[in-house]
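Colleague: Please take one part of this model and go through its packing closely. I would like each term given with its cut-off.

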Amino acid sequence: MHLELDQDGHLLDYTQWTPEIAQQLAEPLQIQLSAWHLEVLAAVRSFYQQFGHAPATRPLLKYLNKSLDPELNNTVLQQRFNTGLVARQLSRLAGIPKPANCL
């Protein structure tokens, strides 16, 4: 399936997102998305819909701690998503625009 992406690899139309598209976007990170990954990505999408912008790392962690798991932290996300760029990569995999503070 051909995806319309911006220059940073984010979907141009976030409403086209599906779990299958998320898996396609995750392939460069060499991860197989599990139900846990998809739950985190759904929360990232929820943040975007609630606040109207992609989250930076700290607000994202606060949101995930309240909505999913109080023990979730940056290290766990880095390991489980195989990236050091948590907010940016999670936004990309969730099909939403890049956070404004990311280069």
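Modeller: A residue is called buried when its relative accessible area is under 20%, exposed when that area is over 50%, and partly exposed in between, using a 1.4 Å probe and protein chains only. The model is predicted, and local features need pLDDT of at least 70, side-chain atom pairs count only at pLDDT 80 or more, while totals for chains, interfaces and linings use all residues. Residues are numbered from 1 along each chain as its sequence is written, and side-chain values use heavy atoms, with hydrogens and water left out.

The part I take is helix H2, residues 35-51. Helices here are DSSP runs (H or I, at least four residues), as strands are (E, at least two), and they are numbered from the N terminus. Two packed helices are described by the angle between their axes and the distance between the axes. Each axis is a line fitted to C-alpha atoms, for helices over the stretch in contact, and the angle, from 0 to 180 degrees, is taken between N-to-C directions.

Start with H3, residues 57-67: its axis and that of H2 come within 10 Å and cross at roughly 110 degrees. H2 is therefore roughly perpendicular to H3; angles of 65 to 115 degrees get that name, those under 35 are roughly parallel, those over 145 roughly antiparallel, and the rest oblique. The crossing is right-handed, a word used when the near helix is turned clockwise from the far one by less than a right angle; anticlockwise gives left-handed. From H2, Val40, Ala43, Val44, Ser46, Phe47, Gln50 and Phe51 meet Pro59, Leu60, Tyr63, Leu64 and Ser67 of H3, contact meaning heavy atoms within 4.5 Å. By class, nine of these residues are nonpolar, three polar and none charged. Ala, Val, Leu, Ile, Met, Phe, Trp, Tyr, Cys and Pro count as nonpolar, Asp, Glu, Lys and Arg as charged, and the others, Gly among them, as polar.

Next comes H5. Its axis lies 9 Å from that of H2, at an angle of about 90 degrees, so H2 is roughly perpendicular to H5 as well. Val40, Leu41 and Val44 of H2 make this contact with Leu90, Ser91 and Leu93 of H5. Five of the residues are nonpolar, one is polar and none is charged. Serine 91, in H5, counts as buried because its relative accessibility is 0%. Leaving out residues up to four places away in sequence, serine 91 touches His10, Val44, Ala54, Pro55, Ile96, Pro97 and Pro99.

With H4 the angle is about 125 degrees and the axes are 11 Å apart, which means that H2 is oblique to H4. This crossing is left-handed. Trp36, His37, Val40 and Leu41 on the H2 side contact Val76, Leu77, Arg80 and Phe81 on the H4 side. Six of these residues are nonpolar, one is polar and one is charged. Beyond four places in sequence, leucine 77 contacts Trp36, Val40, Leu61, Leu64, Leu72, Asn82, Val86 and Leu90.

Finally, the largest nonpolar core has 29 residues, and Leu41, Leu77, Phe81, Leu90 and Leu93 have the most contacts inside it. Such a core is a set of buried Ala, Val, Leu, Ile, Met, Phe, Trp, Tyr and Cys residues joined through side-chain atoms within 4.5 Å. H1 (19-26), H2, H3, H4 (74-81) and H5 (86-93) each supply at least two residues of this core. H2 gives the largest share, six residues.
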